[in-house]
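Dear colleague,

My notes on what was found in it follow directly after.

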There are 2 protein chains.
Amino acid sequence: MLNRIKDVLIGPPLPTRQSHEQRLNKVRALAAFSPDALSSIAYANQEIYLGLLVAGSVGLSLAWPIGLAIVVVLAIVAVSYYQTIHAYPSGGGSYIVARSNLGTIPGLIAAAALLIDYVLTAAVSLTAGVDAIASALPGLWPYRVELALALLALITLVNLRGLRETGTFMSIPVYLFLFTYLPMLAYGLFVLWRDGPAAPAVSALPASFQPVTLFLLLHAFATGCTALTGIESISNGVPVFEPPESRNAGRTLAVMAVLMGALFVGSIGLTQYLGIVAGSQETILSALAHRIFGNGIFYFLIQVSTLLILTVAANTSFAGFPRISAILAKDGFLPRQLTGLGDRLVVVNGIVALAAATAALILLFKGNSHLLVPLFAVGAFLAFTLSQSGMVLYWWRERGRHWQVKLIANGVGALATGVTLLAVSVTKFLDGAWITVILIPLFVFVFLKIREHYQEVGKELSLQGLPPGLRPIQKPRLAIPISGVHRGVVDAVRFARGISDDVIAVYVELEPGEGDDLRKKWERLWPDVPLVVVSSPYRSLIHPFLDYLDRVDAGHNDGQQTIVVLPEFVPAHWWQSLLHNQTAWLLKAALLYRRRSQGYQHVVIDVPFHLRQ
Amino acid sequence: MLNRIKDVLIGPPLPTRQSHEQRLNKVRALAAFSPDALSSIAYANQEIYLGLLVAGSVGLSLAWPIGLAIVVVLAIVAVSYYQTIHAYPSGGGSYIVARSNLGTIPGLIAAAALLIDYVLTAAVSLTAGVDAIASALPGLWPYRVELALALLALITLVNLRGLRETGTFMSIPVYLFLFTYLPMLAYGLFVLWRDGPAAPAVSALPASFQPVTLFLLLHAFATGCTALTGIESISNGVPVFEPPESRNAGRTLAVMAVLMGALFVGSIGLTQYLGIVAGSQETILSALAHRIFGNGIFYFLIQVSTLLILTVAANTSFAGFPRISAILAKDGFLPRQLTGLGDRLVVVNGIVALAAATAALILLFKGNSHLLVPLFAVGAFLAFTLSQSGMVLYWWRERGRHWQVKLIANGVGALATGVTLLAVSVTKFLDGAWITVILIPLFVFVFLKIREHYQEVGKELSLQGLPPGLRPIQKPRLAIPISGVHRGVVDAVRFARGISDDVIAVYVELEPGEGDDLRKKWERLWPDVPLVVVSSPYRSLIHPFLDYLDRVDAGHNDGQQTIVVLPEFVPAHWWQSLLHNQTAWLLKAALLYRRRSQGYQHVVIDVPFHLRQ
């Protein structure tokens, strides 16, 4: 039943040999890797607008220069990653580049930053997408949390179905976005030429008016830099491209960077020169589209395509998060379960973990993307900086053709992203960046603890050193705890007598005298199996039994422990177990876990008795 | 550590032989059984007042006649239960009386009504007690839910310590209550004589003014009948009295009924003739005490003693609920766990269940006793009516001395409580009585289903009928699923070879080729144990292993199933299990539960490997 539901929702299992067929051509790869990068203009523009609005018209007139500065950083970062793609054709995520060039700790810092960023990308994209559609349909504004969660559920299911179907599903929104936004910007330029530039009509100064300061400008620049998030995704996914992988990936990156730049400067420039301002329940991009297209079908199409691309942008995380956590798990820094491929050739556990964390963030921040963004840029730029610095060392070591030029290109990248990181950390610290600043070292600590555990396990499991006793054990001594003389114990007794001659049955008596009645019935059935009655003055079943085992073992003094043959009552339906004392289960837990500290290592033989109804 | 906390909170375990010493003399027994009955004047008066207030001064002038009518019912019920005590000296709860005289279903109806009533007694008493103290200290009014829950936690702990200490703890509040209320009523009579009667000063007519109708009077009468709840408690607990049990219990009942009557008519009469009205955040008893004593220390003492007796009234439930549920459990109508005596000779599971249900009610009804009362009286009067009707049949069958008189006495009791039950059900149906009306048949259904299950289990466990195969099994066939060649499997192999020669190891290979590497290592250590490598095209570990077992068993055709020797990895700390695939656990679950429907009955041998760190 559960299996059938699972089949309908996420499809039948795929055999392992299909995993090599899942490659993407450039058109599909652009759709798969670009949504995060392209769609970030939706919230980056919004943040620049909100950051400058507090300084009134004067503030808003600085949007365009700030936008240009960000595009310069974008170009630098794109060139840097272009080089990474060629240097690491098997996938050069920030973690791999930082770890192999700078060492384990910087690598783990990059990995922590990336994991946090993937969650934030999903949360910010979904909430910003819901903002876009709620700008067009104000009736939806109070239900933004519910809508974001519904979209998250949808995208989680789609991802559980596997990579190829995800690619198909995403191509449409990405190209719809490009084919609506680029014409809108072109038509917007025509409108600007026709009507001439206008000053922003800030109706009333905001209550929290601030003068234009360097801090305010840096703050706006720092938040605007969220436009760059997602640009690194192609460098993580080079092996998914059709061969020649690096060349195809590099070209796709170049196309993506040009599109990002055009969309970003185009929209921010038009916003400023057409003098756009937005109401409190509308995004600035929605206000821009309103100004250019009025209230018609084109405006609505723009909002829908914004929602769609932001929804699939969350998908970048669903591709990236499980991939990086699987790599970390393989290196022993995360639980091993995260490496396992699921039925549909995707890393199921990673997808589920990401979905849960994203849902928690959406609920915690009440679906407000503006509150989430400050947590966002720190991780992204930390990963950028570490990755670029790693590349600088890479060229220094590897040399090769034109290595000086490449080193300088990555050095400029490291410097630009490092300075931006500093600006972001300082200006957004109190707004929420502190959360990320605390989480990253915490994650690194956990990574290291996990690896320490696995290394210890490896040592303890190793067959090196002391040669383990490989000889079979002596004839075992068996004890059967019984709750009465009934069919439930028959198989246990048969089994015990089948493997050993040294078998006793043990009954723990709660009321004095019970044991004598039982003994008569017992001796009629199994006269050759001794029955021991243990009294329990405190009405516990477990302790008297364990104490008795200890006494028996102490009496034999052969170093062997008595083995427990447990008649286990298995009900036909789960609810029936509420109607029975869980003594078998408690005894097993006591044998396996509680007594381990005292050096016991009990073998337990479970002989089930299945209830038919 | 947990055990030490438990010892401090609920004391060390008591041996079984102490259980017969826990008897109560009459003074202590009155304290143990009367709080519910005595304290119910606190909410009964309040409900009569609120029920009549909507009819203004005219309504309030009818309180006294209604109070007298209720005292008549009280006298009838007390006489009826006095007879029950002598007829059932081993404890004549409504369940036992109704079941043995009317049949199983009426008995279960009474039992369901009692269980529900015990929970409601606890919830209503605690919330009404908090109302009393919050009337004196209005600053506490917003925290009534928290206060009620804190009192519930306190009384739960006290009960977990056992019956005798509970008795001591309760004597003080009960006698404090009597020694403050009786003098207050006497002094109130003096005040009335001195000042003369006054009309109630209803300042403004309530918004929901209603004329005095028969329905309104019945409604007030019905709610006032909650004053009678708790009167049956002594008849349930006869065996706890010192011998001669029945005579002591009967006398205690008589004393209690007289005290109840005096307190009830005294307080309701004074309320009416002194013309008392209460504010919205004050109880009517508090207003009465105010009028008599002013605002001084005596007033405050009255409120404190009201709180205290209501708190220990909740204790009536903590004595009664576990007792009735243990009786039901012994008869097979409730899960067997409820019969078990705890470390401190009390029925722990019943206490915990009651505390949880009470806490849920307090939270659900936001600590408002007025909303809880309508659910309350239905169950109590249903149990009364069934119990009295049962007694009528009892006398009809038993005869004996003066049986006709006794039959008529119980007949009048049955009639009076039956009419009251009807009045309560009809007038309070929409206020909440419908909840009880739905719950009681639901409970009865569950009781019957549970007994059906136990009867089926008894049949399946019986050794009658087909003689079970008692001969030892043949030499077993063993299979060891392994995850690699390491120390964790060494003990499993040693054990398996110790009990059988027919041992194989099975490795499920996820990536083609893994198995070959493993085989080389394996054959170096255990050349005489064959290793079978099973491939898993869908990356599942469990299914390929189970399928392989099926093939082996089919090949042998001897009716025996292969026994699984499971090397189980036991981590040193609970959090470490998050870092390991729970394959052993999943495999055990699959062997014990999932395959049961296909007729498999797998023996599983757990060989633990304990991680040292």
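Predicted model: local features only at pLDDT ≥ 70, side-chain atom pairs only at ≥ 80, totals over all residues.

The strands concerned are β1 (residues 478-481) and β4 (residues 563-570) of chain B, which run parallel and are joined by two bridges.

Both strands belong to an open sheet of ten strands with mixed pairing, in the order β3(A)-β2(A)-β1(A)-β4(A)-β5(A)-β5(B)-β4(B)-β1(B)-β2(B)-β3(B). At its edges are β3 (531-535) of chain A and β3 (531-535) of chain B, each of which pairs on one side only. From one strand to the next, the twist averages 30°.

Two helices of chain B may be noted here. Helix α19 (residues 487-499) lies across β1, β2 (503-509), β4 and β5 (604-610) of chain B and runs at about 150° to β4(B). Helix α20 (residues 514-525) packs on the sheet, where it touches β2 and β3 of chain B, and its direction makes about 150° with that of β2(B).

As to the two chains, chain B is superposed on chain A by a rotation of 179° with 0.1 Å of shift along the axis, at an RMSD of 0.2 Å. This is the relation of a two-fold axis. Within chain B, Ile605(B) has the C-alpha nearest that axis, 2.2 Å from it. Because 100% of the interface residues of chain B are also interface residues in chain A, the copies meet through the same surface.

Finally, helices α6 (residues 94-102) and α16 (residues 369-398) of chain A pack at an angle of about 45°, with their axes 8 Å apart. α6(A) is therefore oblique to α16(A), and passes α16(A) in a left-handed crossing.

With kind regards

Note on methods
Residues numbered from 1 in each chain as written. Chains lettered and ligands numbered in written order. Least-squares fit on C-alpha atoms with pLDDT ≥ 70 in both. Contact = placed C-beta atoms within 7 Å. Axes fitted to C-alpha atoms, helices over the stretch in contact; angles between N-to-C directions. Helix = DSSP H or I, 4+ residues; strand = E, 2+ residues; numbered from the N terminus. Parallel < 35°, antiparallel > 145°, perpendicular 65-115°, else oblique. Left-handed = near helix turned anticlockwise from the far one by under 90°. Pairing = 2+ DSSP bridges.
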